[in-house]
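Welcome to this short tour. Take a moment to look over the sequence and the 3D view, and then read on for a guided walk through some of their features.

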Amino acid sequence: MSSFVVDKDGIKRYAVTVNVNGSDYTKVIKANTLLVNLLRDDLDLTGTKRGCELGDCGCCTVMLDGNPVNACLVLAIDCDGREITTIEGIQDGEDLDIVQEKFIEHAGFQCGFCTPGMIVSSRALLNENPSPTEYEVREAIAGNLCRCTGYVNIVAAVLDAAENL
Amino acid sequence: MKQDYSYVGKSVDRNDSYGKTTGHAQYTADLKFPGMLYGKLIRSTIAHGRIKSIDTSEAEKLNGVKAIITAKDVPSMKWGLSPARFDENIFCIDKVRYHGDKIGAVCAVDEETVYKALKLIKVEYEELPAVFTWQDAAKEGAPQIFEEYPGNLNTEIHHHFGDVDAALKDAYYVRTDKFQGQRTYHAFIENHASAAYWDGDRAFLYSSCQSVHYVQYHLCRVLGMKMGNLTVRQTNVGAGFGGKLDPTGLDFAAVILSKITGQPVKMWYDHAETFLNGRGRHPMTMELTTGVDKNGKILAHKFDCVLEGGAYTGLGIASSYYAGSLLGVLYLIDNYKFDCRRYVTNLPPCGAQRGHGQPQPRFAFEHHIDLVGEAIGVDPIDMRLINARKGNSITTAGYEVKSYNLVGANKMARDASGWTEKRGKMGVGRGIGVGNGGFVTGAGFCQYRTDYPHSVGMVKIFDDGTRAYVYSNAVDIGQGSDTVLMQMAAEAMGYPYERCQMVTGDTDLSTLDFGAYASRQTLMAGWAVKRAGAEVKKKVLAKACEMLKASGRIKEGFGYLDGPLTPEDLDCVEGIVFVKQEPAVKLTFEEVARKYFVDHGVLLGRGWYHPGKLGGNHKGAAVGTSPAYSSATQVAEVQVDMETGQIECVDTWDVHDSGTIINPKLFHGQVHGAFYMGVGETIWEEVKFDKKTGKLLNGNFAEYRLPTALDMPPVESLTLDDSYEPNGPYGLKEVGEGATTPTMGAVANAIYDAMGVSMTELPITYEKVWRALRDKKASGK
């Protein structure tokens, strides 16, 4: 269990260390702090979006030890000592990842609000399965809602990325 | 008429590509300011009642709470989107009108404290009886929601062109059908957010909205501010679809709370609150009567429509007019009667959603006309071809239609989909259906009364010519307007698109535009930036002419020139200025622009657009008149499980008559998204309320069922090569909303073809299909 201090209202505040996009960060949080809020409010990584806060829309998707999760359904305290990849960590230095490049080429986004989660889910799929079928792509992003694109160009972008990994 | 262009017609990448794919694109809720406070609205917990008291004393004592405001702390002037029906206050004054209505606002040092404070605020009500359907609202003795709307009747329209009764009497076949639509919701993924701060007597507001101008106008009017004292800005907007056109309680509250506290305040809706903010599609109760001759030619049509409006008007008057005003654009109907009523009820207000008032009436008509055709033995596409409008014509209501190729769209969709081989020939459970639609390309009038141009644009060339700033407050809510506006400005200037940059989303720094609604921006803001670009080009050619002459490279009488070199002898393409008859004699745009800056200062181009006087003189003609109309045909193929009622949309085709396509990649994206919303509304989507309390039941994406990637069928998006609209810059017209309007009809007609039972109530859920099939079996037909 992480070490904690008790504040004047008697609430425990825990020190956690998370590795985000390759760097360690130590923050003092409450037991009910959500991962999405830790990323956005404490680390200023606002690429991870806050949408429904119920696990329905998927726009807060990040990788936790390589697996895609809804950051609104994960407690930050459970991430102590673990590795997180957010949308800001998908690219390699100044080079965009192939998934990002193909989203651009196919216009796999419009308003862009679901895009960080969509790209993280897509990248997580390709890490596990480098040559997915169209159905597997659709299944992998079924938890990421997009109201703008009808998913048509997103699916095309992910399949094209897979071919060019 | 079409030319070779450098950028128009090219699928260039979106200008926001890097930011949106890397997580660096900022949205309003991502903003942080030093000393920023967080705020939320206090909402009604009953559907209808008088506010007896509001006790904020416990909440005020909570450590970290900075301010709490209610109606007594804010101006009482009413607002709305349509001057004829301003009926909404910043916060409820005397009574609340729906479960979730705005009562006040709280701000505190962090989110958690805001939520704690909200729980400590006690509102006492004298509860009043409430109505949740238009049928109950219209009953004699029903509770009155507004004094100004006796009988809860908010809007009434009676249009009558020609003589419907006489024409029906002479008809070969007359048929009446009834349809029911449902309440749907835009379901953008980014919740509304606002952030405001003050500097002396100047306020600055960031709003996740579809029109910085309308937000600025309405706030200033209600708050008694000069428009020059309120700057409205925006970052990226996480889509809108009509739901972010009305100013929200957040916009008002953020400005007021930041004034009171002297600190920046950020406000936001959580997900359920965006549903409570409402403004989605009206449920419509529709009755259609059509008389045809024996070939299927429509002789007369009667449309009776009732809208359940929710608690306030918002854009509801326009929704009501749109329900009936565009049918006569699609089809040639000499005798047309449109009767419409909109009632207020104790539910969140309805308003504009992609396609505005039109998609449900399109669903009803497109299915109805198939039933008419079936009765007289005419194929659905033939029914549409017989009655389709042609270009360069004037509608019965007086609207002028220039380019219009609905006939071509139907034929192309028929051929691409394999209609002739499939229709009625695929066996039980499989069906194919067609639907038509289209939309205005911008409304003919401002929402409030003004003589301002609708769009103003500007281009400024950077000092040394290495960048072109394109100014327009057109709002990119995801549709890609920034990209296509820069493509058009670059084309007009002859300057590289890649070196253009938008200056937008700021009422101080950029130029007036009414914003993203009525599919207006590509045409209206397009004209403004095209004209601005053309002015820059004119100045560049004049300066280049001067430079070439001074350089001694051009001599009078030099072979290809009759007299002295003039600017008309020059052209500029992709950043190179050259003599048209001797392209080797050239200068770069950059060097010419730099010289211009040295000699005259800033190199500027200005443009503006006003649609001028458009057609239609009847009351309400303002809603429906437009400089240009798109048309579209969609065909859908579905598989219905005859045991369970499950519907799978298998394949779809869309042909959109959209004039010149500025960016094909973005164009097709609009069609995909429009179809997506349409098919969701046809089969799955419906906002639901508790029938006794009016409380929202499914304000989340688990129970408000958006289609996922697994539900979405492929969409083959096709275009008509010869489509060219003379009233649009480069010959363009709309796509964004028109492509939603045929979908419900096409899918419903395919379902009918598959199972032989007519489904007249949206959404056509699996359960409704299962029940209909069971009833059909039981009746033995």
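This is a predicted model: local features need pLDDT of at least 70, side-chain atom pairs count only at pLDDT 80 or more; totals for chains, interfaces and linings use all residues.

Two strands are said to pair if DSSP finds at least two bridges between them.

**A mixed sheet in chain B**

Let us begin with an open sheet of chain B, in which 4 strands follow the order E18-E26-E27-E28 with mixed pairing. At its edges are strand E18 (430–437) and strand E28 (715–719) of chain B, each of which pairs on one side only. From one strand to the next, the twist averages 15 degrees.

Within this sheet, strand E26 (residues 631–640) and strand E27 (residues 647–657) of chain B run antiparallel and are joined by 10 bridges. As an example to look up in the view, Ala636(B) has Thr652(B) in E27(B) as its bridge partner. Helix H13 (residues 406–417) of chain B lies across E18, E26, E27 and E28 of chain B, at about 30 degrees to E26(B).

**An antiparallel sheet in chain B**

Another open sheet of chain B has 3 strands in the order E22-E23-E24, and here the pairing is antiparallel. Its edge strands are strand E22 (570–573) and strand E24 (582–588) of chain B, each pairing on one side only. The twist in this sheet averages 30 degrees from one strand to the next.

E22(B) and strand E23 (residues 576–579) of chain B run antiparallel, with 4 bridges joining them. Here you can find Cys572(B) standing opposite Val577(B) in E23(B). This sheet also has a helix across it: helix H16 (residues 521–551) of chain B lies across E22, E23 and E24 of chain B and runs at about 125 degrees to E22(B).

| Strand pair | Direction | Bridges |
|---|---|---|
| E26(B) and E27(B) | antiparallel | 10 bridges |
| E22(B) and E23(B) | antiparallel | 4 bridges |

**Where chain B meets chain A**

How many residues of chain B are in contact with chain A? There are 55 residues of chain B in contact with 47 residues of chain A. Between them the chains bury about 4000 Å², 57% of it on carbon and sulfur atoms. In chain B, the residues that lose the most area to chain A are Thr21(B), Ile189(B) and Ala709(B), which together account for 17% of what that side buries.

The count of salt bridges between chain B and chain A is 6. In one salt bridge, the side chains of Arg40(A) and Asp30(B) meet at 2.8 Å, N to O.

Helix H1 (17–22), helix H3 (111–120) and helix H18 (664–683) of chain B each supply at least two residues of the side that touches chain A. H18(B) gives the most to this side, with 8 residues. By type, the residues on this side of chain B divide into 25 nonpolar, 18 polar and 12 charged.

**Two backbone details**

Two loops in chain B are worth a visit. The peptide bond from Leu762(B) to Pro763(B) is cis, with omega near -10 degrees. Pro763(B) has its place in the loop between helix H19 (743–755) and helix H20 (766–779) of chain B.

Ala187(B) has phi near 60 degrees, a positive value in a residue other than glycine. Ala187(B) is found in the loop between strand E8 (173–180) and strand E9 (193–199) of chain B.

Technical notes: Residues are numbered from 1 along each chain as its sequence is written. Chains are lettered from A and ligands numbered from 1 in the order in which they are written. Side-chain values use heavy atoms; hydrogens and water are left out. Contact means heavy atoms within 4.5 Å. Buried area is the accessible area (1.4 Å probe) that two parts lose on being put together, summed over both. A salt bridge is a side-chain nitrogen of Lys or Arg within 4 Å of a carboxyl oxygen of Asp or Glu. Ala, Val, Leu, Ile, Met, Phe, Trp, Tyr, Cys and Pro count as nonpolar, Asp, Glu, Lys and Arg as charged, and the others, Gly among them, as polar. Axes are lines fitted to C-alpha atoms, for helices over the stretch in contact, and angles run from 0 to 180 degrees between N-to-C directions.
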